[in-house]
Amino acid sequence: MPTNRITMRQIRESLRLHLQANLSYNEVGRVLKISKSVVGKYMSLARIAGVDWVVAQTLSDQELEAKLYKAALPRNSKQALPDFAQIHTELKRAGVTLQLLWEEYAKGCRRSRSLTPINAADPGEDFRL
């Protein structure tokens, strides 16, 4: 479960205390009742975004939030999903096991060279119907 973000007021205050008043992360954390690692996290986000105290004063809360929290980039998955209907049909045949089907699927992925098989550690986990 992800932790809650601190408020924009706390972010602004931590920027002010650290960048303008030159307090340490520990001292800022004590004043705002947040951990020093959280203070460090937001100082790093601000540094990466190019936000110092002067810039932070000119930004609205929404603009500051947009600079600190960049939108997540969608991941490009290179994993091919197996044909689960075919797996279900094949498992009805005598002598066919889930491990055997997974090995055939993984071999096909390796042959294509652009795809990796899903969950190579436990093939049954992704193949369970």
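Let me begin with what we are looking at, which is a predicted model, in which local features need pLDDT of at least 70 and side-chain atom pairs count only at pLDDT 80 or more, while totals for chains, interfaces and linings use all residues. Residues are numbered from 1 along each chain as its sequence is written, and side-chain values use heavy atoms, with hydrogens and water left out.

The protein chain has eight helices and zero strands, where helices (H or I, at least four residues) and strands (E, at least two) are DSSP runs numbered from the N terminus. Of the 129 residues in the protein chain, 29% are buried; here buried means under 20% relative accessible area, exposed means over 50%, and partly exposed is what falls in between, with a 1.4 Å probe and protein chains only. The accessible surface of the protein chain comes to about 9,400 Å², and 53% of this belongs to carbon and sulfur atoms, the areas being taken from the Shrake-Rupley method with a 1.4 Å probe, and with only the protein chains shown counting as cover for residues. If we take contacts in the protein chain between residues at least 6 apart in sequence, 54% of them join residues at least 24 apart, a contact being heavy atoms within 4.5 Å.

How do the helices pack? Helix 1 and helix 3 pack at an angle of about 85°, with their axes 10 Å apart, where axes are lines fitted to C-alpha atoms, for helices over the stretch in contact, and angles run from 0 to 180 degrees between N-to-C directions. That makes helix 1 roughly perpendicular to helix 3, given that 65 to 115 degrees counts as roughly perpendicular, under 35 as roughly parallel, over 145 as roughly antiparallel and the rest as oblique. On the helix 1 side, Ile 11, Ser 14, Leu 15 and His 18 meet Tyr 42, Met 43 and Ala 46 of helix 3. Helix 1 and helix 5 cross at roughly 75°, their axes coming within 11 Å, and these two helices are therefore roughly perpendicular to each other as well. Here Met 8, Ile 11 and Arg 12 in helix 1 meet Asp 61, Leu 64, Glu 65 and Leu 68 in helix 5.

A polar atom of its side chain lies 2.6 Å from the backbone oxygen of Ala 56. Not counting residues up to four places away in sequence, Arg 12 touches Trp 53, Ala 56, Gln 57, Leu 59, Ser 60, Asp 61 and Leu 64.

Leu 17 is also in helix 1 and counts as buried, at 7% relative accessibility. Leaving aside neighbours within four places in sequence, Leu 17 is in contact with Asn 22, Leu 23, Val 28, Val 31 and Leu 32.

Most residues other than glycine have a negative phi. Asn 22, in the loop between helix 1 and helix 2, has a positive phi of about 60° although it is not a glycine, and Asn 22 is exposed, with a relative accessible area of 63%. Lys 33, with which I opened, likewise has a positive phi of about 60° without being a glycine, and at 74% relative accessibility Lys 33 counts as exposed. By contrast, Val 96, in the loop between helix 6 (84–91) and helix 7 (98–112), is buried, with a relative accessible area of 15%.

Key:
Polar contact = N/O pair within 3.5 Å; in protein donor to acceptor, adjacent residues only side chain to side chain.
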